[in-house]
Amino acid sequence: MPDDLPWWASTVIYQVYPRSFADSNGDGIGDLPGIIGHLDHLVDLGVETLWVSPFFDSPQHDVGYDVRNFRDVAPEYGTLDDAQALIDEAHGKGLKVMFDLVLNHTSEDHPWFVESRSSRDNPKADWYVWADGYRGRGGQPKPPNNWRSELQLPRAWQWSEEREQWYLATFLWFQPDLNWRNPELRAEMFDMIRMWLGRGVDGFRLDIFGSIMHDEALRDNDPKPTFMNGMPRLQTPSRTVNTDENFAVAGDLRAVCDEFEGDDRVLIGEVFGPPSTLRRYIEDQSHPGLHLVFLFEFLSAPYSAKRYRTLIEGFEHEFPAPLVPTYVVENHDRARSLSRMGGDLARARVMAALLCTLRGVPTLYMGQEIGMENTYIPLADANDPIPSVVARRLPEWLNKKLPERLNRDEVRTPMQWTAEPGAGFTDPGVPPWLPIHENHRTRNVATERDDPGSLLNWYRDLLALRKATPALQVGSLDLATDVPDDAIRFERTLDGTTVAVVANLGDRSLVVPATNAVLGGRTAAALLVSDPGVTIADHLVDLPPNTAAVISIT
Ligand code: NOJ
């Protein structure tokens, strides 16, 4: 491995949603000691960085993404000592630890907002984004502009009777946006970040980071509907998302991180937009910003070789080395990848092969490695607040047909550890906070660990090979374009070592050459195949439908 590369350039991230990972005290809710007790699963799987979704003090109306105190732990998850133990124990096992920072907003119950809302002239009056708006006919208060929330249907402004003013809430109504133009707020947030860095955390995932700064003059967004990352938008968020000032905040945060051992701490942005825009978070006008940005396109893309090739080509173009693309195929907000792929485990194996061998940082969401699927939960039973905003009158038969889950509970059900009642997540007989998928009896960590053909063991094999093969971690990527429509082939090369990856995403068998280059005395030998039916004769790879192979070219 080249010595000058920072650890995060070749890491593999595993996202834990703390409420659903492991319940150590039998209350049906996952917690920090539960995560600590299952760190060996991460080590055994071969991931290298643990990302923990928010566990800070919160009324939990958006499952922790509505923070009430950034410096403390929600009691149902544990204590500050548990958070410290999590960092230390993970480090002891060779894992890096990333926490989840919600810098854009707080809970409406945060004492800062309670104070800010209480009058127009209190010490925190300016810590949130307040605006007068205007009065319509009959004296009705009207918001200052046309901005819509990131959920599209609701507007981005909420009325406060106390101040007789509007406050900005980019996401849900109970998540008021912080005012990053206020120097005191900024200083407090940077100090809070220093506190966690001082406790040893290796970096942060930055929630909804592209919305932190908005147009200061509050000018209207362009009313033209558009798409962003495959999702429809009712207006073009030209004044609210990815503004120039956002890129500047990225640089300021980087400077705070760099106070701690230079390049060692990592910032990963949850940002949306075309790759050419997202790149500016990493490097804008040549000053460094975030280290990585999630690339979410695979969450919406149909399972198609042609589509994937186009995406990979685009990411390689916008994030050439030493920049590092960060691939995501699943997270706590979007449909489970296996469900998107029709429950077809062969396809999930192909997806795993691509994710673990593409150039960049792969991100896995807990349960992806065992093939967890969406657990259908009707909108009326949702704990997630989103259905109450965007789907109040949507009939259930239609909801069921949607490719994306409006009720995010469906992708957040408890981790399936064992076949027992409670799935090893909680004690048998304890009602879990969300229902456990009935397929846990066969699809769970314990059962899959003993099955050499399981998805879990396929991920383990892929990640072990990646760890043992510097070319797969940091080698260059050469994507072939002269392949059959249903095929993907690329080569990873470092210091003269070449590893080829070929996949057939179609429903018919394909024969694909292992490499573009003339073999000239070299040989192609399978390192890993997703299915025993994959064969290599001479340099030709015979791929049954929905299979992949990782091949050494020597
Ligand atoms: C993005 C997070 O991933 C999501 O779960 C959350 O609801 C919103 N940001 C608001 O913080």
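**Cavities and sheets in the predicted model**

Two or more lining residues come from each of three elements, namely α10 (337–340), α11 (345–357) and α15 (455–468). Of the elements, α11 makes the greatest contribution to this lining, giving three residues. By residue class, the lining of the largest cavity consists of nine nonpolar residues, three polar residues and one charged residue.

The second largest cavity holds about 50 Å³ of space. Its lining is formed by W147, R148, S149, E150, A156, L168, T170, S211, H214 and T240. Here the division is three nonpolar, five polar and two charged residues. Both domain 1 (7–106 + 182–459) and domain 2 (111–168) take part in the lining of the second largest cavity, each supplying at least three residues.

Turning to the sheets, a closed barrel is formed by eight strands in the order β1-β2-β5-β11-β14-β17-β18-β19, and their pairing is parallel. On average, and with direction ignored, neighbouring strands of this sheet are turned by 25° against each other. Strand β17 covers residues 292–295 and strand β18 covers residues 326–328; the two run parallel and are joined by two bridges. In this region, L295 stands opposite Y327 of β18.

A further sheet is open and comprises three strands in the order β6-β10-β9, paired antiparallel. The edge positions are taken by β6 (130–131) and β9 (157–160); each has a single partner strand, so one side of each lacks a neighbour in the sheet. Strand β10 (residues 165–168) runs antiparallel to β6, and two bridges connect these strands. A131 has W166 in β10 as its bridge partner. In general, the strands of a sheet pair through backbone hydrogen bonds, in either a parallel or an antiparallel manner.

Strand β10 spans residues 165–168, and L168 is among the residues that line the second largest cavity.

How values were computed. Residues are numbered from 1 along each chain as its sequence is written. This is a predicted model: local features need pLDDT of at least 70, side-chain atom pairs count only at pLDDT 80 or more; totals for chains, interfaces and linings use all residues. Side-chain values use heavy atoms; hydrogens and water are left out. Helices (H or I, at least four residues) and strands (E, at least two) are DSSP runs, numbered from the N terminus. Ala, Val, Leu, Ile, Met, Phe, Trp, Tyr, Cys and Pro count as nonpolar, Asp, Glu, Lys and Arg as charged, and the others, Gly among them, as polar. On a 1 Å grid over the protein atoms alone, a cavity is a set of points where a 1.4 Å probe fits but cannot get out, and a pocket is an open set with protein on both sides within 12 Å along at least five of seven lines; lining residues have an atom within 4 Å of a point. Grid points are joined across faces, edges and corners, and a volume is the space filled by probe spheres set on the points. Domain bounds come from an automatic or database domain assignment. Two strands pair if DSSP finds at least two bridges between them. Axes are lines fitted to C-alpha atoms, for helices over the stretch in contact, and angles run from 0 to 180 degrees between N-to-C directions.
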